[in-house]
Amino acid sequence: MSSLPRYDKPVLLVLNPGSSSIKWSTHNVSALEYAGATVPVAIGQAGVGQSAAQTYPGAPPWLTDVLTNHDVRAVIIRVVHGGSEYLKPLPINDDNFRQLQTLIPLAPLHNKAAIELIEQLRNTRFSIPVFAVFDSEFFSDLPVLSQIYGLSVALTEKYRLRRYGFHGFAHESMVKHWEAVKPKAEHYTLVTAQLGSGCSMAAIRDGKPVDTTMGFTPNEGLLMRTRSGDIDPGLLTWLQWQEGWTPEDTDRVLNCESGWRGLSGGIDNMADLFASEQFQHQLAFDFFRYRFQKTLGAYFAILGGLDGIVLSGGIAENNVDICCRLLSGLSHLGIALKEPLVQSALPLILSQPASPVQCWVVAADEADSMLRSIQHHFSF
Ligand SMILES: Nc1ncnc2c1ncn2[C@@H]1O[C@H](COP(=O)(O)OP(=O)(O)O)[C@@H](O)[C@H]1O
Ligand SMILES: CC(=O)OP(=O)(O)O
Ligand SMILES: [Mg+2]
């Protein structure tokens, strides 16, 4: 039975499959205002290393419900990895859909869920055009030094190896927030941090990203829920020899069995990890914070100073105490926090008025950034 009230104006449906949720929202086509609540729908952890050629069941009930009760003119879906081919918004057709299917191994926790959703949409009776928008678009012009890896030019060129960067819609939304609260500052330096199941940071100069922690895949950089983040490549080769791992095994270990869940021995939600007094749980949280602060220091160095920090994502948005822990002990960087801070409506300023670095926590509006990206290329 349908749970959504009928909404008769034409809408765009925005789908955001993350590594631990699918978020959706509908938006009035003409006003591009929210026409419905952004409702997260829980999904299981996507399997790693499975074949992309699988059987797709029909659209899940929540999706059928949305399509039945809205006059959906187009679906805009966040696809995390577009490979070297796709960065700009893409109207999905048979050819590019087949190509997108081959990219699943580049972002197994994300692209598989996106491909499944697209397949389900294409199989419905609604015949609605589907557009993919890519998480790396925001990072397409990173400076060359932050793009490259220390691998041979032959290998780099053969596979077009580069840092792509992900969470682009979230980082773009955080930049927009900063520019709204600091409209007079023409030149500025900023660090944005998206902290959810996937975690990443970006160094921003005057609105443009100059570096970011996620790389060729969304498993570089910070410690994440089930992803290891940075790891010594030599350790990995050694483990492969020792354990006889196949590429699929390695992928599963790095993407699904590591991160704070692996390190803590099974704690999934950051709220539980943070609240726990057990040694191994505290160690996992401290390591998460250590990686965050180490990256902040590196970005401070390459930016030559820092005007602001903006935090977002499921961890930051829901837990002001964690935000404060992450930013504590950094007075030498010019971070002076307000104390005490209580969880309240976002956006929330965390720093004292005189703090040289102004710190905020905001609810990044990825859907809004996705819509703005598509608006530059298509009208509905
Ligand atoms: N109250 C909370 N305190 C700390 N962390 C939280 C809280 N609520 C949710 N989280 C964390 O937020 C994560 C989900 O964030 P989200 O940005 O929605 O992820 P994704 O987009 O990958 O699905 C969960 O993995 C959980 O660890
Ligand atoms: C790229 C990424 O990790 O996204 P999410 O945090 O939504 O899983
Ligand atoms: Mg997300």
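Predicted model: local features only at pLDDT ≥ 70, side-chain atom pairs only at ≥ 80, totals over all residues.
1. Domain layout. The protein chain splits into domain 1 (7-134) and domain 2 (168-366). Their C-alpha centres are 26 Å apart. Across the boundary, 14 residues of domain 1 are in contact with 13 residues of domain 2. On the side of domain 1 that touches domain 2, six residues are nonpolar, seven polar and one charged.

2. Ligand shell. Ligand 1 is surrounded by 17 residues. The closest are Gly18, Gly196, Ser197, Ala271 and Gly314. Both domains take part: domain 1 (7-134) and domain 2 (168-366) each give at least three residues to the shell.

3. Helices at the ligand. Helix H10 (270-275) and helix H12 (313-318) each supply at least two shell residues. H12 gives the most, with four residues.

4. Shell composition. Of the residues around ligand 1, twelve are polar, four nonpolar and one charged.

5. Annotated position. The UniProt record, an unreviewed entry, carries the annotation "active site" at Asp135. Asp135 sits in the loop between strand S6 (130-134) and helix H4 (144-147).

6. Is Asp135 buried or exposed? Asp135 is buried, because 30 other C-beta atoms lie within 10 Å, and the cut-off for buried is 20 or more. Neighbours within four places in sequence aside, Asp135 is in contact with Arg78, Val80, Phe166, His167, Gly168 and Phe169.

Technical notes. Residues numbered from 1 in each chain as written. Chains lettered and ligands numbered in written order. Near = placed C-beta within 6 Å. Nonpolar A, V, L, I, M, F, W, Y, C, P; charged D, E, K, R; others polar. Domains from an automatic or database assignment. UniProt positions renumbered as here; feature names shortened; annotations may be inferred. Buried ≥ 20, exposed ≤ 12 C-beta atoms within 10 Å, placed from the backbone. Contact = placed C-beta atoms within 7 Å.
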